[in-house]
Amino acid sequence: MSRFQQAFSTVELLVALIIAAALLGSGYQLYTVVLRDSSGAQRRSEASGIAYSLMRESEASTTSPCSTLTSSLSLPSYSTLPSATANLSITCPYGTSSAISMVSVTVGYDESGPQQVTRSITYRNNPANSTIGNGPSTTYSVDATQSVTFNWSPVAGAESYTVSYTKNGSLTTVGDINATSYKVNTSRNDSVSFHVSATNHTGGSPVTTVNVTIPSTVACTLKNGWVPYGNPYGPATFTKTSAGVVVLSGLIKSGSTAADVTVCTLPEGYRPATNQWFSLPTSSDSTKIRLDIHDNGDVRLYGAGSWVSLDGINFQTGDQLSDFTQTRTYNGWLSFKNADARWASPAYMVDSVGRTRIQGMIYNGTTANGTVELTVDPAMKPYKYQHWPAQNACTTTMLYHGFDDVNYSVLAKGDSCTSLGKSINIFTYPYTYSGWNLLSLSNGWTSYEIPESRFPSPRYSNKASDGIVMLTGLARPGNLGVIGTIPGNLGLCPSSRQIYAAIASDAYARIDIEAGTPSGGCNVLFIAGTGPWVSLDGIAWVGTV
């Protein structure tokens with residue numbers, strides 16, 4: 001038997017173990033270096049993008065013939081670089097009689113010690129007899145999808161246009177194009193610095209730079225007589241967060257109250273995959289109304305009063321349909337899609353922020369209080385038992401679901417009408433979320449349970465990475481007016497007053513959130529409702545103040 005066919009000796013095994021341990025240790029060191037370098041690479045990429053943007057802007061400082069220049073530059077507002085500086089240097093590589101300049105921008109910052117990135121370009125300032133004049137005169141427009149299009153007037157003598165832009169500090173070099181417009185796909189609150197110059201075989205024009213910050217919301221164009229209510233309430237708007245959540249807001253009035261009337265239409269990219277129902281507050285302050293969002297973008301009302309609040313409507317866009325998992329129903333409850341294919345089967349997902357989303361339509365089940373309608377993944381159960389508004393086609397009284405933290409199930413709560421469908425729209429954090437903060441209660445209001453046991457005390461969430469703030473909890477009513485106050489200076493409050501449909505002791509209640517101020521925060525207000533308890537579940541908005 002050869003040596004290679006024999007068993008390992010004790011010495012050989014010991015040597016093999018020592019080598020494996022050394023490889024494991026070096027692998028761990030490499031892993032930690034990769035993690036440490038990830039942040040450094042992001043900083044360097046941001047510094048490079050800023051240096052490039054400033055370099056293109058500084059081309060306008062060149063002269064013909066060339067002259068040297070050094071100066072410090074202001075960093076853009078979106079910069080997150082620590083202890084950052086920016087410096088410009090213009091030199092004359094072919095002497096001061098040439099029209100060619102070397103433009104260099106160096107961005108310095110601190111990242112475990114001094115770091116710097118330099119971007120340079122050799123630039124020819126047009127001679128006096130050049131056929132190209134000034135840089136392109138450029139404007140921009142933001143469309144309904146919150147993308148921005150830059151347009152410029154044709155420049156005499158131009159053969160093409162050189163385009164680049166930075167978005168939130170990240171550089172994109174488009175290059176030469178034979179067009180006088182360019183569209184940049186953006187999202188709410190993005191910062192874009194757009195650069196364009198005219199070029200031909202003799203050189204290029206000065207660079208035109210246009211800076212724009214994308215608005216946080218887009219106006220929803222109203223139809224059929226509906227108009228904004230006015231201060232202190234916001235106009236009808238919509239937005240899409242970085243997590244793909246579409247949020248509507250605003251108070252409207254004076255439009256057609258006919259059933260199935262369209263009040264506005266959402267553009268592509270802001271629509272659900274299938275039709276959805278929502279419960280909204282209206283002018284009676286004692287009943288809610290039904291609002292549908294259709295997959296073609298139509299926002300439709302049924303039975304509106306003199307005013308209607310759009311606050312509280314939120315849903316995932318249709319392109320996230322594949323992220324949902326259909327759930328099993330129980331106790332006779334069925335997917336309403338079986339009766340009408342326009343409506344979604346009950347399903348759940350976890351969005352990119354980690355929040356639980358349950359949506360769909362069900363019908364024909366057992367309505368006894370506490371009957372299980374459906375279940376979800378146990379990891380998605382709420383912090384404690386929650387009460388979520390629902391909508392059906394045959395009543396204006398307030399319906400709701402229980403969301404049970406013990407059995408991770410959605411429960412019936414005595415709905416007497418099931419044949420025409422019942423909506424599910426639940427959007428909350430799972431029980432593992434640690435960002436709930438106790439709401440500072442006043443005006444005689446208290447937590448429903450002291451100490452907290454089956455039901456959560458009134459709480460507000462931290463502002464999520466996509467800007468959404470939520471309430472949860474069950475309270476014992478005090479006086480009309482202020483329930484509690486959300487603190488200021490944290491970006492948690494809405495910019496205008498909002499109105500929500502809530503649940504008070506199995507019936508309708510109205511909850512308002514006042515517009516925030518940096519110093520005073522915003523008050524949570526109880527406007528209408530009666531009974532021994534009020535739920536704050538289902539109230540969510542995009543925080544700005």
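Predicted model: local features only at pLDDT ≥ 70, side-chain atom pairs only at ≥ 80, totals over all residues.
Residues are numbered from 1 along each chain as its sequence is written, and side-chain values use heavy atoms, with hydrogens and water left out.

Figure 1. Strands are DSSP runs (E, at least two residues) numbered from the N terminus. R454 also meets the side chain of D404 in a salt bridge, at 3.1 Å from N to O. D404 belongs to strand β30 (residues 399–404) and is 50 residues apart from R454. D405 is buried, with a relative accessible area of 14%, and D404 counts as buried at 5%, whereas R454 counts as partly exposed at 31%. Buried means under 20% relative accessible area, exposed over 50%, and partly exposed in between (1.4 Å probe, protein chains only).

**Figure 2. The salt bridge between D512 and R497.** The side chains of D512 and R497 meet at 2.9 Å, N to O. D512 is in strand β41 (residues 507–513), and R497 is in the loop between β39 (481–486) and β40 (498–504), 15 residues apart. Both D512 and R497 are buried. Elsewhere, salt bridges that share partners join D260, D298 and R300 into one network. The structure holds 15 salt bridges.

**Figure 3. The largest nonpolar core around L291.** A nonpolar core is a set of buried Ala, Val, Leu, Ile, Met, Phe, Trp, Tyr and Cys residues joined through side-chain atoms within 4.5 Å. The largest has 25 residues, of which L248, L266, L291, I293, L301 and I313 touch the most other members. Two or more residues come from each of β16 (245–249), β18 (261–265), β19 (276–281), β20 (288–293) and β21 (298–302). Beyond four places in sequence, the contacts of L291 include W277, F278, L280, L310 and I313 (heavy atoms within 4.5 Å). A second, separate core of 23 residues includes I486, L492, Y500 and I513.

**Figure 4. V247 in strand β16.** V247 lies in strand β16 and counts as buried at 11% relative accessibility. Leaving aside neighbours within four places in sequence, V247 is in contact with T237, F238, T239, T241, I313, N314, I468 and V542. The C-alpha atoms of V247 and D260, 13 residues apart along the chain, are separated by 21 Å.

Technical notes:
Helix = DSSP H or I, 4+ residues; strand = E, 2+ residues; numbered from the N terminus. Salt bridge = Lys/Arg side-chain N within 4 Å of Asp/Glu carboxyl O.
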